[in-house]
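Subject: Structure handover

Hi,

Here is the structure I promised to pass on. Please open it alongside this message.

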Amino acid sequence: MSGHPAGREAAVAVLVLPLVITLVVLSFAWPAGRTAPRDVPVGIVGTGAASQRAVEGLVHEKPGAFDFHLYPDQQAARSAIENRDVYGALAISAHDITVLTAPAASTSVAQLLGEVGQQLAERAAAQQGAAGTRPSAKIDVTAVDVVPVAAEDPRGVVFSSAVFPLTICGILIGAFVSTARGLRRPWHRLLTLLVACAVAGLGAYLVAQGFLGALPHDRVATWAVLSLVLISISTTAAGLVRLLGQAGLGLSAALMVFVGNPFSGAGSAPEMLPKGVDYVGQWLPPGAGAGLLRDTAYFDGNGGSGHLAVLALWSVCGFTAVMFGRRITGRAPGAKTGATASGASLSSLPTSGAASPDRRHAHAHAHAHAHARRSDDDY
C-alpha cells in the first residue's frame with residue numbers, strides 16, 4: 001500500500017484508531033471496575049478474644065483484603081494512622097466497636113471500614129444471642145475520623161478530580177516550552193518551564209483551596225507539591241520531545257494520561273486497585289503526586305518520602321533530557337536521514353554548468369539547517 005496514501009489513511013482510521021481507543025477505555029475502565037481491598041493496612045486494637053474472632057472472621061470472609069497490624073491501645077492506633085502506617089483501625093470489645101478512620105487518606109477505605117465495623121457488630125450480636133449469654137445483645141458501633149477531609153470537600157471529590165487536569169497541564173507546558181522557537185537555549189527552556197509550573201501550581205492551589213476549600217493545611221508546602229507534580233510531568237514531556245521529536249509528545253501523553261492517571265489510585269487508594277497496577281501507578285508522577293499531596297496537605301508530610309523521591313527522579317531525568325537531549329541523540333531538531341541526507345550531499349558536488357534550481361534549493365536548505373543546529377546547540 002506504499003503507493004496508495006488513501007489506503008494507508010483508511011487502514012489507520014479503520015484499524016489503528018479503534019485499537020487505540022479500545023486500549024484507552026480499558027486502561028480507565030479496568031481499574032475502576034475491579035476496585036476492591038487488597039492488603040489494605042488496617043490496625044486492630046488489643047488482643048482479646050473479641051479481636052481475635054473478628055480478625056479470623058475477616059480473614060475467612062475477605063481473604064487477602066486486609067493487612068492487619070496489632071496495637072496495644074487506641075492512642076497507638078491513632079498515631080499509626082497519623083503517620084500513614086495504616087488507613088484506619090478497629091477497636092473491638094464484647095460490648096462495642098470503635099472504628100478509627102482517616103477519610104483524608106481515602107474516603108473509599110474509610111467507608112469500607114465503617115461497613116466492616118457494622119458487619120462485625122451484627123455478627124457478634126448474633127453469636128452472643130445464639131449462645132444465650134446476651135439474648136437481646138446489641139453491639140454499639142462508633143466511628144471516629146482521626147484525620148478528616150476538609151469540611152468543604154467531605155467526599156474528597158475536589159482532591160481526586162485535580163490529578164487529571166494537573167497531568168494534562170503538565171504535558172501542555174512541556175510541549176509548549178520544547179517547541180517554542182524563541183527559546184533556543186536549553187537553560188531558557190528550563191527556566192521558563194520552572195516558572196510556568198510554579199505559577200500554574202499557584203493557580204491550582206488558589207482554585208482548590210481559595211475557591212473550593214479542599215486543601216486547608218500547610219499552604220506553602222501544598223503549593224510546592226502542586227508545582228513539583230507539574231515540573232515532573234512537564235520536564236518528562238519536554239525531555240521526550242527533545243529526544244524523540246514529535247513522537248516524544250505522544251509517548252509522554254500515553255505514559256502520563258493513559259497509564260499514570262487511571263493507575264494513580266487518587267480516587268480511592270492504591271491498595272484498592274488490581275495487583276500490579278498499584279505499583280505501576282505509584283512509580284509514575286500522577287500517582288506519586290497524588291500520594292505526596294495527601295501526605296503534605298493532611299498528614300504533615302508523613303509517609304511522603306517515597307513519593308517525593310519518585311517525583312524528584314522523574315524531574316531530574318527530564319532536566320537532563322532537556323539540557324543534553326540533542327547531544328545524546330546526536331541530531332538537530334527536525335534532522336533528516338536517508339534520502340534527504342543523500343540529496344544534501346549530492347547538492348554539494350561540483351557540476352558542469354549552472355546548478356539546477358532543485359540543487360540550489362537543497363544547498364540553501366542544508367545551509368539553513370546547519371545554522372539552526374548551531375543555534376539550537378548553543379549552550
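First, the ground rules. This is a predicted model, where local features need pLDDT of at least 70 and side-chain atom pairs count only at pLDDT 80 or more, while totals for chains, interfaces and linings use all residues. Residues are numbered from 1 along each chain as its sequence is written, and side-chain values use heavy atoms, with hydrogens and water left out.

Five strands form an open, mixed sheet in the order 2-1-3-4-5. Strands 2 and 5 (140-145) are at the edges with a single partner strand each, so one side of each has no neighbour in the sheet. Neighbouring strands are turned by 20° against each other on average, direction ignored. (Strands are DSSP E runs of at least two residues, helices are H or I runs of at least four, and both are numbered from the N terminus. Two strands pair if DSSP finds at least two bridges between them.)

Strand 1 (residues 40-45) runs parallel to strand 2 (residues 66-71), joined by six bridges. Val45 has Tyr71 as its bridge partner in strand 2. Strand 1 also runs parallel to strand 3, through four bridges. There, Val42 stands opposite Gly88.

**Helices on the sheet**

Helix 2 lies across strands 1, 2 and 3, at about 130° to strand 3. Helix 3 packs on the sheet too, touching strands 1, 2, 3, 4 (96-101) and 5, and makes about 25° with the direction of strand 4. (Contact means heavy atoms within 4.5 Å. Axes are lines fitted to C-alpha atoms, for helices over the stretch in contact, and angles run from 0 to 180 degrees between N-to-C directions.)

Val42 lies in strand 1. Val42 is buried, at 1% relative accessible area. (Buried is under 20%, exposed over 50%, partly exposed in between, with a 1.4 Å probe and protein chains only.) Not counting residues up to four places away in sequence, Val42 touches several residues, including Phe66, Phe68 and Leu113. The C-alpha atoms of Val42 and Leu113 are 8.8 Å apart, though 71 residues separate them along the chain. With the same exclusion, Phe66 touches Leu112, Leu113 and Val116, among others.

Most residues other than glycine have a negative phi. Arg84 has a positive phi, near 70°. Arg84 sits in the loop between helix 3 (74-82) and strand 3 (88-92), and is partly exposed at 22%. Asp300 also has a positive phi, about 55°. Asp300 is in the loop between helix 11 (285-298) and helix 12 (305-329), and is exposed at 65%.

Best wishes
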